[in-house]
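This report goes through salt bridges, cavities and a surface patch, in that order. Please look at the sequence and the structure before reading on.

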Amino acid sequence: GHDRQDVGREKRHERMLQRQHHDLAELVRALRQDLRARHDGAEADEADIENLYQYGIHVGLAFQLQDDLLDAFGDEKTFGKKTGSDIRDNKKTYLLLKSLQIASQEQQEALKKHFSSTPDDPEPKVADVLAIYNTIDIRSHVEAEINKEFAMAQEYLSRVRVDQAHKQPIIELTDTLLNREK
């Protein structure tokens, strides 16, 4: 069960994520205004808008993967919430989906069984799933995917024709967010 401390920690974690995503949204909004200004108040170039949008999509995916990874392997003190909640809640995260692709037949069966169970004491289930994740080194697969999404995001941002000085805060915040707990 969740005790009050867990709930408080999860709330703090949620607030921290919301604040960081809000900061990022603000920076993207400022960049969009800068684009409009550069076009003398006319609508910013469609390609610039599309590239900014694609940046947001890929950076969002990178954040989601990072969050899934931290949920499984993060340090509870640093992460600010109890790890393993996605496993307890049978959430179909990228970690699970990728594991089902690369695990042995036996490991796949075990994962499917665990992710369709809701035991009274979920800790052995969490430990079993994490043991499988560790055996197949799922962490490095997810980190590779995070890096791929992040690289795509950076590529799209680099195509936005706007002053580099205006991009810098976005680049720095994104870096900070993606390295928030290694």
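Which side chain meets that of R161 in a salt bridge? The partner is D48, with N and O 3.2 Å apart.

## Basis of the report

This is a predicted model, in which local features need pLDDT of at least 70 and side-chain atom pairs count only at pLDDT 80 or more, while totals for chains, interfaces and linings use all residues. Residues are numbered from 1 along each chain as its sequence is written, and side-chain values use heavy atoms, with hydrogens and water left out.

## Salt bridges

A salt bridge is counted when a side-chain nitrogen of Lys or Arg is within 4 Å of a carboxyl oxygen of Asp or Glu. Over the whole structure, 5 salt bridges are found. The bridge between R161 and D48 links distant parts of the chain: R161 is in the loop between helix 8 and helix 9, D48 is in helix 2, and 113 residues separate them. Helices here are DSSP runs (H or I, at least four residues), numbered from the N terminus. D48 is buried at 0% relative accessible area, whereas R161 is partly exposed at 44%. In these terms, buried means under 20% relative accessible area, exposed means over 50%, and partly exposed is in between (1.4 Å probe, protein chains only).

Another of the salt bridges joins the side chains of R88 and E123, at 3.1 Å from N to O. R88 belongs to helix 4 and E123 to helix 7 (residues 123-135), so this pair ties together parts that are 35 residues apart in sequence. R88 is buried, with a relative accessible area of 16%, and E123 is partly exposed at 36%. R159 and E155 also form a salt bridge, with their closest N and O atoms 3.0 Å apart. These two residues are separated by about one helical turn, because they are 4 residues apart in helix 8. R159 is partly exposed at 41% relative accessibility, and E155 is partly exposed at 39%.

## Cavities

A cavity is a set of points on a 1 Å grid over the protein atoms alone where a 1.4 Å probe fits but cannot get out, and its lining residues have an atom within 4 Å of a point. The structure has 2 cavities of 30 Å³ or more. The largest cavity holds about 40 Å³ of space, a volume being the space filled by probe spheres set on the points. Among its lining residues are D68, D71, K91, F115 and Y133. Helix 2 gives the most to this lining, with 3 residues; helix 2 and helix 4 (85-88) each supply at least two. By class, the lining has 5 nonpolar, 1 polar and 4 charged residues. Ala, Val, Leu, Ile, Met, Phe, Trp, Tyr, Cys and Pro count as nonpolar, Asp, Glu, Lys and Arg as charged, and the others, Gly among them, as polar.

The volume of the second largest cavity is about 40 Å³. Its lining includes Y55, F150, Q154 and D175. Helix 9 (164-178) and helix 8 (138-159) each supply at least two of the lining residues, and the largest share, 4 residues, comes from helix 9. This lining divides into 5 nonpolar, 2 polar and 1 charged residues.

## A nonpolar surface patch

Y53, I57 and L61 form a nonpolar patch on the surface, together having about 280 Å² of accessible area (Shrake-Rupley method, 1.4 Å probe). Patch residues have over 30% relative accessible area and no salt bridge; nonpolar side chains (Val, Leu, Ile, Met, Phe, Trp, Tyr) are joined within 5 Å, and like charges within 9 Å. I57 lies in helix 2 (residues 46-73) and is partly exposed, at 34% relative accessibility.

Notes:
1 Å grid on protein atoms, 1.4 Å probe; cavity = no way out; pocket = protein on both sides within 12 Å on 5 of 7 lines; lining within 4 Å.
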